[in-house]
Amino acid sequence: MDTGQELGGTIPRARVEDDAPRLEPMLDLEWSRAIELPQAAMTAATPSELRRAWVHRAPQDSVLALFRASAGMAGQIPAPWWLRAMADGKLDSREQGFRVEDRIAQLLGRRPGWEFVPWAADGESGYWEFMPSERGKSGHAIPTTVMNTDRHPGWIDVLPAHTGPTPDPIPVAGLAGLRSRLGVFEAVR
């Protein structure tokens, strides 16, 4: 009869407290949770209604520190445009970013044809689409889109209505620049 005694050397010994696994937070998971929005936010009609994630509510210094630590480990990570701008020293606070988003919402929310799209890329603040430019006389599949950016100090890019390859975004010089060019952007139907 085989008693298995020869296996004694291959059976791992019982763990003692010093052998217990030590868990350390994974920055990518922590960052993912930091930008995660509740499901209810997907029905938001304005950027302010989207501001439900940890990055919107936690102390600004903590948000910036976690962003920098996470970005340093993984390279480019999903994040709101205003946080990238703050990390680069181009924007002083997230409240300034919120004001930019809210002023765009005040302008476009009153104009016919503009709709807020809350389901942007992870971490982003949503964007605005001019619905008459989609499948109108011009036949474009993608409508004119207004989005925030950290690429330039005007904080606003407009992606023209298009079909096929995505054109380069048009940099807009802030809210005044957007207001002055809305007629041109809305002319594409």
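Which side chain makes a polar contact with the side chain of Glu101? Before I answer, please keep in mind that this is a predicted model, in which local features need pLDDT of at least 70 and side-chain atom pairs count only at pLDDT 80 or more, while totals for chains, interfaces and linings use all residues. Residues are numbered from 1 along each chain as its sequence is written, and side-chain values use heavy atoms, with hydrogens and water left out.

The partner is Arg51, whose side chain meets that of Glu101 at 2.9 Å, a polar contact being a pair of N or O atoms within 3.5 Å, where within protein one must be able to donate a hydrogen and the other to accept it, and residues adjacent in sequence count only if both atoms are side-chain atoms. Glu101 lies in helix H6, helices being DSSP runs of H or I with at least four residues and strands runs of E with at least two, numbered from the N terminus. Glu101 counts as buried because its relative accessibility is 2%, and buried means under 20% relative accessible area, with a 1.4 Å probe and protein chains only.

Leaving aside neighbours within four places in sequence, Glu101 is also in contact with Asn148, contact meaning heavy atoms within 4.5 Å. Asn148 sits in strand S3, residues 144–148, and its side chain reaches the backbone oxygen of Trp155 at 3.2 Å.

Let me end with the largest nonpolar core, which has 39 residues; such a core is a set of buried Ala, Val, Leu, Ile, Met, Phe, Trp, Tyr and Cys residues joined through side-chain atoms within 4.5 Å. Its largest share, 6 residues, comes from H6.

Technical notes: Buried < 20%, exposed > 50% of the residue type's maximum accessible area, 1.4 Å probe, protein only.
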